[in-house]
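Please read this report alongside the sequence and the coordinates.

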Amino acid sequence: TSCVAVSVDGVAVAARNETLPVIPASALKLLVAAVALDVLGEDHRYTTTVLGEVDAAGNVNGNLYLVGGGDPLLSTDWWVTSNILEFPVINATRLEDLAQAVVDAGVRSVPGSVVGDATRYDDEYYAPSWDSDLRVSEAGPYDALLVNDARTSLDDVADDPAVGAAQ
């Protein structure tokens with residue numbers, strides 16, 4: 001099923017199933033990409049940052065925070081090569097590279113926890129109109145901090161993507 005609504009200068013001229021919630025088709029991706037290029041610019045990069053207080057010996061005082069900036073391609077090597085994906089990740093942002101940058105910055109131990117911070121976006125992980133059978137299988141969850149499409153293993157999806165990313 002499909003839906004459409006056309007208006008000219010704010011006046012509705014045609015509609016069919018205009019209130020029917022449907023999964024966005026690939027054509028919508030073109031519109032999103034065009035708006036993103038216009039608003040964010042072609043040089044924009046989503047970034048994930050790591051924050052924590054580190055002493056001179058390289059020990060984190062307290063927790064280490066993984067702060068999501070909206071990167072939808074943040075992935076581990078095992079996820080990219082898992083062969084579970086119908087459409088494999090391309091141009092992934094390697095979580096291993098981020099971890100190596102933390103080590104290269106002098107961090108030697110994290111006695112506290114690794115805490116996922118996804119507060120850049122709200123906690124609505126799926127479109128509210130989607131039935132539960134569409135979730136994960138068609139898209140989502142989506143959040144500011146997302147690693148491996150919120151997978152904590154090949155069979156499990158984290159209830160909270162930020163917690164799954166921290167794991």
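**Confidence**

This is a predicted model. The protein has a mean pLDDT of 91, and 100% of its residues reach 70 or more. Among its elements, strand β7 (residues 114-117) has the highest mean pLDDT, 98. The lowest mean, 89, belongs to helix α1 (residues 26-40).

**Two hairpins**

Strands β1 and β2 run antiparallel and are joined by five bridges. Valine 8 stands opposite valine 11 in β2. Two residues lie between the strands of this hairpin, and aspartate 9 takes a positive phi near 55° there. Aspartate 9 belongs to the loop between β1 (4-8) and β2 (11-16) and is not a glycine, although its phi is positive. Its relative accessibility is 78%, so aspartate 9 counts as exposed.

Strand β3 (residues 49-54) and strand β4 (residues 60-67) also run antiparallel, with five bridges between them. Here valine 54 stands opposite valine 60 in β4. The hairpin of β3 and β4 has five residues between its strands. In its turn, glycine 58 has a positive phi of about 90°.

Asparagine 83 is another residue other than glycine with a positive phi, near 65°. Asparagine 83 sits in the loop between α2 (77-80) and β6 (93-94). With a relative accessibility of 75%, asparagine 83 counts as exposed because the cut-off is over 50%.

**The largest nonpolar core**

Ten residues make up the largest nonpolar core: Leu66, Leu74, Leu95, Leu98, Ala118, Ala144, Leu145, Val147, Ala162 and Ala165. Helices α3 (95-104) and α4 (161-166) each supply at least two residues of this core.

Leucine 145 is one of the core residues. Leaving out residues up to four places away in sequence, leucine 145 touches Thr48, Leu66, Gly68, Leu74, Gly116, Asp117, Ala118, Pro161, Ala162 and Ala165.

**The largest pocket**

The largest pocket holds about 2100 Å³ of space. The elements that give two or more residues to its lining are α1 and β5 (74-75). Of these, α1 gives the most, with eight residues. The lining has 47 residues in total, and those nearest the centre of the pocket are Lys29, Pro72, Leu73, Ala139 and Gly140.

Proline 72 lies in the loop between β4 and β5. Its relative accessible area is 47%, so proline 72 is partly exposed. Apart from residues up to four places away in sequence, proline 72 touches Tyr46 and Asp149.

Is proline 141 buried or exposed? The residue is in the loop between β7 and α4. Proline 141 counts as buried because its relative accessibility is 5% and the cut-off for buried is under 20%. Its contacts, leaving aside neighbours within four places in sequence, are Tyr125, Tyr126, Val136, Leu146, Asp149, Ala150, Val157 and Pro161.

Alanine 5 is part of strand β1. At 57% relative accessibility, alanine 5 counts as exposed. With neighbours within four places in sequence left aside, alanine 5 is in contact with Ala14, Ala15 and Glu18.

**Separation in sequence and in space**

| Pair | Residues apart in sequence | C-alpha to C-alpha distance |
|---|---|---|
| Proline 72 and aspartate 143 | 71 residues | 8.2 Å |
| Proline 141 and aspartate 159 | 18 residues | 8.9 Å |
| Alanine 5 and tyrosine 142 | 137 residues | 27 Å |

For proline 141 and aspartate 159, a separation of 18 residues in sequence goes with 8.9 Å in space. Alanine 5 and tyrosine 142, at 137 residues apart in sequence, have C-alpha atoms 27 Å apart.

Note on methods:
Residues are numbered from 1 along each chain as its sequence is written. This is a predicted model: local features need pLDDT of at least 70, side-chain atom pairs count only at pLDDT 80 or more; totals for chains, interfaces and linings use all residues. Side-chain values use heavy atoms; hydrogens and water are left out. pLDDT is the predictor's confidence in each residue, from 0 to 100. Helices (H or I, at least four residues) and strands (E, at least two) are DSSP runs, numbered from the N terminus. A nonpolar core is a set of buried Ala, Val, Leu, Ile, Met, Phe, Trp, Tyr and Cys residues joined through side-chain atoms within 4.5 Å. Buried means under 20% relative accessible area, exposed over 50%, partly exposed in between (1.4 Å probe, protein chains only). Contact means heavy atoms within 4.5 Å. Two strands pair if DSSP finds at least two bridges between them. On a 1 Å grid over the protein atoms alone, a cavity is a set of points where a 1.4 Å probe fits but cannot get out, and a pocket is an open set with protein on both sides within 12 Å along at least five of seven lines; lining residues have an atom within 4 Å of a point. Grid points are joined across faces, edges and corners, and a volume is the space filled by probe spheres set on the points.
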